[in-house]
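Subject: Structure for you to look at

Dear colleague,

I am passing on the structure below, and my notes on its aromatic side chains follow it. Please read them with the model open.

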Amino acid sequence: MKVKRWKLATFLLPCLLLFGLIYLIPLIMVIVSSFFEWKAGGVFNFVGLQNYINAFTNDPRMARALINTGIWVLLQSTVHVGIGTVIAFMLSRKLRGWKVLRTIYMIPNVVSAAALGVIFLNVFNPKYGIINSFVSAITGAPFEKNWFFEQNSAFMTVTWSWLLYTGMIIIVVLAGILAIPEDIIEAARIDGATEMQINLKVRLPLIRTVLGTGVILAATSMLREFELIYLTTNGGPGDTTLNLPLYLYKTSMTDNNYGYANMMGVVLIVAGIIAVQAINKLFRMNESDY
């Protein structure tokens, strides 16, 4: 049955209007205003690429935010995804209690960022935190390190706040492993392959696109990570844990420099597009091994 074009257009119109009003028009405004000097109470002053030039040549805070964001994206795309993949392979053997463990790993993904921030502030509390209490019990001497607010430990502490919580990656990879046809695995066993060989040479290649999806989710999540950093260190001490989303927030809400903040928004958008395209190419997401 052939649907008339005007009926199809009528059906899509509400969605297109919502997309335009909520996403497309604000996106265009962000891109356009990034070429202007625009502060609270001021007027639009066209400066061309000056915001971008200042950001990449004369702004040490921007450099620190970019470096921190890049490091966290890399760690999230490798270590975080790697840990989740290993655990997913372990759970795929369906040992006793595997469903309970799968649920436990998902708990941090369903708890609000505000709650997680409070939890980690208490875990790393210098007076009564679990970490310091554990070190004190082992050494027999008082230990009161302020993990979140000391220059030499803040970045590492913030990183540990999310690096090991791989619930989403576990679910995605586990679903990919369990979706592999059993006859492929049986054929490998008949040919004499060990379980390790099956995992490395059969299952792992067949979930390549699933792993790519996991890496995309991990990388893009770090490009918009804000709440945990804001609630724990607020980018400190100094700019040790400052990342691009948090710097954008401070520039717009504290400094009221909207043009410069929107420039950072454009940088984040471009970084996200580049990351997704690179991962798609690396994992050959448009190809299938079946």
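Rings of Phe, Tyr and Trp (its six-membered ring) are taken as a pair if their centres lie within 6.5 Å, and the pair counts as stacked with planes under 30 degrees apart, as edge-to-face over 60, and as tilted for the rest. By that definition, a search of the whole structure gives 16 aromatic pairs. One of them is the edge-to-face pair of Trp72 and Trp162, with 5.3 Å centre to centre and 75 degrees between the planes; it links distant parts of the chain, since Trp72 lies in helix H3 (residues 60-91) and Trp162 in helix H7 (residues 154-163), 90 residues apart, where helices are DSSP runs of H or I with at least four residues, numbered from the N terminus. Trp72 and Trp162 are both buried, that is, under 20% relative accessible area with a 1.4 Å probe and protein chains only, whereas exposed is over 50% and partly exposed in between. Phe226 and Tyr230 form a stacked pair, 5.3 Å centre to centre with 15 degrees between the planes, and Tyr230 counts as partly exposed because its relative accessibility is 34%.

Phe120, Phe124, Phe143, Trp147, Phe148 and Tyr165 make up one aromatic cluster. Ser161, in helix H7, touches Phe120, Phe148 and Leu228, leaving aside residues up to four places away in sequence, with contact meaning heavy atoms within 4.5 Å.

As for the basis, this is a predicted model in which local features need pLDDT of at least 70 and side-chain atom pairs pLDDT 80 or more, while totals for chains, interfaces and linings use all residues. Residues are numbered from 1 along each chain as its sequence is written, and side-chain values use heavy atoms, without hydrogens and water.

Best regards

Notes:
Helices (H or I, at least four residues) and strands (E, at least two) are DSSP runs, numbered from the N terminus.
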